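Here is a friendly look at the charged side chains in the model below. Please keep the 3D view open while you read.

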Amino acid sequence: MPAISSSVGSGAAGAAIFADSDSRKYRYFDPRGQRATHYEDVTVDVQPDPERYLIQNWIISFANGKGAYVKDNTAAQSSNWHAFRAPDQEWERTHYQRQSRIETMVQSVIANGRKSGAPKSFDKVWVKILQTHLGAWKHAEFGLGTSLMQAQRYGYTQMINNATLTNSSYKLRLAQDITLYLAEIGMDIPGWNDELGKQAWLEDGIWQGTREAVETIMGTADYLEQYFAINIVFEPLVGELFRSGFLMQVAAANHDFITPAVISAAEADYERNLANTIDLIYLLAHDEKYAAANQKLFKGWLKKHRALADKAAQGLQPIWSAPHSKPISFDDVRAQSQERIARILGELGLNG
């Protein structure tokens, strides 16, 4: 570990030996690999930390004396918060590029579908399902995206905040995609009602368990608990259950080939977000100093949010019975979601 300015008590040039002290790259961190990636160059140590380089402490503090970023924004503990590197290595430019490609794809699918008259061939019962239940789901995605947007402010490092913020952006993009998609195909379907989704989210008993789970996450003060609850618990038990296990499985059987394409990007989003979350939680669950305390904390979060997610999933069961064509049963999809979370928890060492 190279010396840092706070350990030698001086910020003067040459007072400490850094990773690239003899290089014109001016890099002050140890890369995870043999060479630093572009992601690391633009992300690591961008966020200040008095324990590393701010020997004068925080330049600006809040009225309560706390600096801009503090470790007690989460109950989890780490011997080195800066060790985390997001597996997807996403930063500002790459994130905007990926989002742009997805939006281009989604809009092309919708435009081509409408041009060919596809919405008019949807099964009539399926049309009602899209209005009501896909219309309700966009509120879940928006709530999770809003929660993550709030959570990203409190992470102790830029690497954690980047992963949380891109996660938020993907959720909000999907909520927007669903909103625009339903509005556009609604212009081709007589009697379309844009209000059914909102009514279902607020009033339909099918959706109240999901609403409770989402609003509980939104009301959680611990930013890492929000991140954990969404990607480790809610997504495999409810998010994938509804998106992959219902919309993408059942749509084609009811003459709808557009919805799966619109929703498919969200499944790729989740794989990236899950990989990031697993890496971060694994680091903390196996920390050299705080592993036992963190594992106990995570198991408490798991118990709390899994109970809500299980309740939400069971509440959605009647949706699988609604379409005319039912190519897959709720019980089969539910079993897959249970296997999915078991694999995730096994990877983290939290299923014991």
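## Ground rules

This is a predicted model, in which local features need pLDDT of at least 70 and side-chain atom pairs count only at pLDDT 80 or more, while totals for chains, interfaces and linings use all residues. Residues are numbered from 1 along each chain as its sequence is written, and side-chain values use heavy atoms, with hydrogens and water left out.

A salt bridge here is a side-chain nitrogen of Lys or Arg within 4 Å of a carboxyl oxygen of Asp or Glu. By that rule, the count is 25 salt bridges.

## Salt bridges between helices

Let's begin with glutamate 240 and arginine 340, whose side chains form a salt bridge with an N to O distance of 2.9 Å. Glutamate 240 sits in helix 8 (residues 223-250) and arginine 340 in helix 11 (residues 330-348), so this pair links distant parts of the chain, 100 residues apart. Helices are DSSP runs of H or I with at least four residues, numbered from the N terminus. Both glutamate 240 and arginine 340 are buried, where buried means under 20% relative accessible area, exposed over 50% and partly exposed in between, using a 1.4 Å probe and protein chains only.

Helix 8 also holds arginine 243, while glutamate 267 lies in helix 9 (residues 259-285), so their pairing ties together parts that are 24 residues apart in sequence.

How far apart are the closest N and O atoms of arginine 306 and aspartate 310? They are 4.0 Å apart, and the two residues form a salt bridge. Both residues belong to helix 10 (residues 291-315) and are four residues apart, about one turn of the helix. Arginine 306 is partly exposed at 23% relative accessibility, and aspartate 310 is partly exposed at 22%.

Aspartate 269 is part of helix 9 and counts as buried, with 3% relative accessibility.

The side chains of aspartate 269 and arginine 173 are joined by a polar contact of 2.9 Å. A polar contact is a pair of N or O atoms within 3.5 Å; within protein, one must be able to donate a hydrogen and the other to accept it, and residues adjacent in sequence count only if both atoms are side-chain atoms. Neighbours within four places in sequence aside, aspartate 269 is in contact (heavy atoms within 4.5 Å) with Arg98, Ile102, Tyr170 and Arg173.

Notes. Helix = DSSP H or I, 4+ residues; strand = E, 2+ residues; numbered from the N terminus.
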